[in-house]
Amino acid sequence: MPTRYDIVGGRPLQGTLRVSGAKNAALKMIVAALIADGVTTLHNVPRITDVEITLKLCEELGARYRWRDETTVEIDARNINNAVIPLRYSGSTRTPILFVSPLLHRLGKAELTTIGGCSIGPRPINYHIAGLRQLGVQVEEASRTAYRFQADRLHGNIITLEYPSVGATENLLMAAVGARGRTVIRNAAIEPEILNLAGMLQAMGAVVYQDVNRTWIVEGTRRFRAVEYEVMDDRIEAASFAACAVATGGEVLVKGAIQRDMVTFLDWLRKVGGEFDIYPDGIRFYRQDRLRPVNLETDVHPGFMTDWQPPFVVLLTQAEGISVVHETVYESRFGYVEALVSMGAHIQLTNDCLGSRECRFTNKNYLHSALISGPTPLRGGTLHIPDLRAGFAYVMAALIASGESRIYGTEFVQRGYANLIGKLREIGADISETPVETAESP
Ligand code: EPZ
């Protein structure tokens, strides 16, 4: 049954919370477990719907799973027997394309129907397909969204990605570990979540390591063992709560926030006027000063991560002056802005590239830069969440705003934030969740 969040804003957030394991690492590590003919145990796995969907997908392919406790899941992949990735699960997340590599290693084939885009961009899989073909996979495009993959044994190759795609890098790493010979992936993604996955693949028996200049090197093997492994803490969740603490003028200790995984975020937070104290098990966030405007550009790691962008834009609505944000990773990741403007924010969008970074959207008709002038008082409103990170941005705006807000579409937030209500209440937020008749949530 759908629910809505009711939030009364306007109070500084105070206290301590602990983030969960990283969605964007856990999903890939669950998929990687299918490479080994055994029972894998993953620790620190977040209880979110995207994880449930990915585990259900494993089950459809012949695996079995069981939660040993709140955050430990065992995945028994001894009986992988189905190469068709069912659409009903691949309708809501992008993870299905990643199952192709384990299925090729286990069954020599895979079938996939993809879903196309989401509210933040068209999200094609052309880099995945091109890379798999270079590793000797026959790829038949049965239709615009359906693919058949076949390969008796993959072979190593030198692949240069057109763009450092996270998903394509992870897929090709999982493909290359079982290929004959050596694979070099250049212009690849190097996000901390990928290092977490690569660490698990190495523990499973693969030879996989980073070289200079965004390059991964993999020497294929056929012997994989099932392992017990730990998912890293969620640096996107940590940054989301940090922005919340500073924007509400509060002070929050975020346990599980790790400096090395969010160095760039911490620098930009300090530039805006936020401050932080680093501890071995977390970071305390608070406001040092008046909030100052900045000119920010998102980019691939180690740049400012695109998933940090929506909460950070809400923070910038409270800065004294005009900030500029140039989104270079997704074509349309400002769809949520209109609702913030309805709450009182002053944000203008433009197709121009307002920044100096190279951008794939130059001279293209995408509203991918924002001008934010502040500070503007926000007033509570009724909001409908379009996607996961926009969802957190709405919750944050409602926590800053005066009065009450009603937020619909909470299922988007539950895809990536475990126990959000509980954590926000731990730091003093006035938030509740109410079941709503489908009729009420347009
Ligand atoms: C991962 O998505 C994350 N999702 C995203 O987080 C994150 O925003 C993104 O990486 C970038 O950091 C998960 O890990 C589950 P990409 P992914 O391939 O792998 C284009 C969140 O909120 N592209 O790096 O899908 C693509 O359209 C989510 O947790 C192609 O053109 O991202 C996009 O513009 C949102 N062709 C850009 O590259 C391809 O074949 C980056 O995509 C692949 C990607």
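Author: Gladly! Let us start with aromatic rings: those of Phe, Tyr and Trp (its six-membered ring) pair if their centres lie within 6.5 Å, and planes under 30 degrees apart count as stacked, over 60 as edge-to-face and the rest as tilted. Here Phe-265, Phe-304, Trp-308 and Phe-312 form one aromatic cluster. Please keep in mind that this is a predicted model, where local features need pLDDT of at least 70, side-chain atom pairs count only at pLDDT 80 or more, and totals for chains, interfaces and linings use all residues. Residues are numbered from 1 along each chain as its sequence is written, and side-chain values use heavy atoms, with hydrogens and water left out.

Reader: How many aromatic pairs are found in the whole structure?

Author: The search gives 10 aromatic pairs. One of them joins Phe-265 and Trp-308, edge-to-face, at 5.5 Å centre to centre with 65° between the planes.

Reader: Are Phe-265 and Trp-308 buried or exposed?

Author: Buried means under 20% relative accessible area, exposed over 50%, and partly exposed in between (1.4 Å probe, protein chains only). By that rule, both Phe-265 and Trp-308 are buried. Phe-265 also pairs with Phe-312: the ring centres are 5.8 Å apart and the planes at 75°, so this pair is edge-to-face. Phe-312 belongs to helix H10, 47 residues from Phe-265 in H9. Phe-312 is buried, as is Phe-265.

Reader: What about the salt bridge of Glu-140 with Arg-148?

Author: There the closest N and O atoms are 2.9 Å apart. Glu-140 counts as partly exposed, at 42% relative accessibility, and Arg-148 is partly exposed at 36%. Another salt bridge runs from Arg-357 to Asp-299, the closest N and O atoms being 2.8 Å apart. Arg-357 is in the loop between strand S20 (346-350) and strand S21 (369-374), and Asp-299 is in the loop between S18 and H10, so the pair ties together parts that are 58 residues apart in sequence. Arg-357 is partly exposed, with a relative accessible area of 37%. Salt bridges can also share partners, and in this way Arg-66, Arg-68, Glu-74 and Glu-228 are joined into one network.

Reader: Which side chain of opposite charge is nearest to Lys-23?

Author: When we look at charge, Lys and Arg count as positive and Asp and Glu as negative, while His and the chain ends are not counted. For Lys-23 the nearest opposite charge is Asp-50, 4.0 Å away, yet Lys-23 is buried and has no salt bridge. Lys-23 is placed in helix H1 (residues 23-32). Contact means heavy atoms within 4.5 Å. Leaving aside neighbours within four places in sequence, the contacts of Lys-23 include Pro-46, Ile-48, Asp-50 and Asp-234.

Reader: How do I read strand pairing, for instance between S1 and S23?

Author: Two strands pair if DSSP finds at least two bridges between them. Strand S1 (residues 3-8) and strand S23 (residues 404-408) run antiparallel and are joined by five bridges. Within this pairing, Arg-4 stands opposite Tyr-408 in S23. Strand S22 (residues 382-384) runs parallel to S23, with three bridges. Thr-382 has Arg-406 in S23 as its bridge partner.

How values were computed: Helix = DSSP H or I, 4+ residues; strand = E, 2+ residues; numbered from the N terminus.
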